[in-house]
Amino acid sequence: MESCAGSQWLARKIQALGHTVRLIPAQFMKPYVKSNKNDIIDAEAIAEATIRPTMRFITVKETDQVDLQALHRFVTR
């Protein structure tokens, strides 16, 4: 999946079902998007990026990490 705030939550739910989740940072997805952004083109870009041997994935954040990050953003504004 492409990494975003919603994907972190979804990734934790999918992991709870016993699946392996790999998240790709959004900036690494841009080169694989061929034209205007829509769901079909995004899915194709994710599939293309996933099979690349040099693709870097990020780990799924735990709820405590997400909460701390949100608190940090709130306090620094």
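Two exercises with worked solutions follow. The model is predicted, so that local features need pLDDT of at least 70 and side-chain atom pairs count only at pLDDT 80 or more, while totals for chains, interfaces and linings use all residues. Residues are numbered from 1 along each chain as its sequence is written, and side-chain values use heavy atoms, with hydrogens and water left out.

**Exercise 1.** Determine which secondary-structure elements the chain contains, and how much of the chain is buried.

*Solution.* Begin with the DSSP runs, where helices are H or I over at least four residues and strands are E over at least two, numbered from the N terminus. The chain has four helices and zero strands, giving the pattern α-α-α-α along the sequence. Next, take the relative accessible area, for which buried means under 20%, exposed over 50% and partly exposed in between, with a 1.4 Å probe and protein chains only. Of the 77 residues, 21% are buried.

**Exercise 2.** Find the salt bridges of the structure, and state how accessible their residues are.

*Solution.* Search for a side-chain nitrogen of Lys or Arg within 4 Å of a carboxyl oxygen of Asp or Glu, which defines a salt bridge; the structure holds two. One joins Glu 44 to Lys 34, with the closest N and O atoms 2.7 Å apart. This pair links distant parts of the chain, since Glu 44 belongs to helix α3 (residues 39-50) and Lys 34 to the loop between α2 (26-29) and α3, ten residues apart. Glu 44 is partly exposed at 44% relative accessibility, whereas Lys 34 is exposed at 62%. Arg 52 and Glu 48 form a salt bridge with closest N and O atoms 2.3 Å apart; Arg 52 is partly exposed at 37%, and Glu 48 is partly exposed at 26%.
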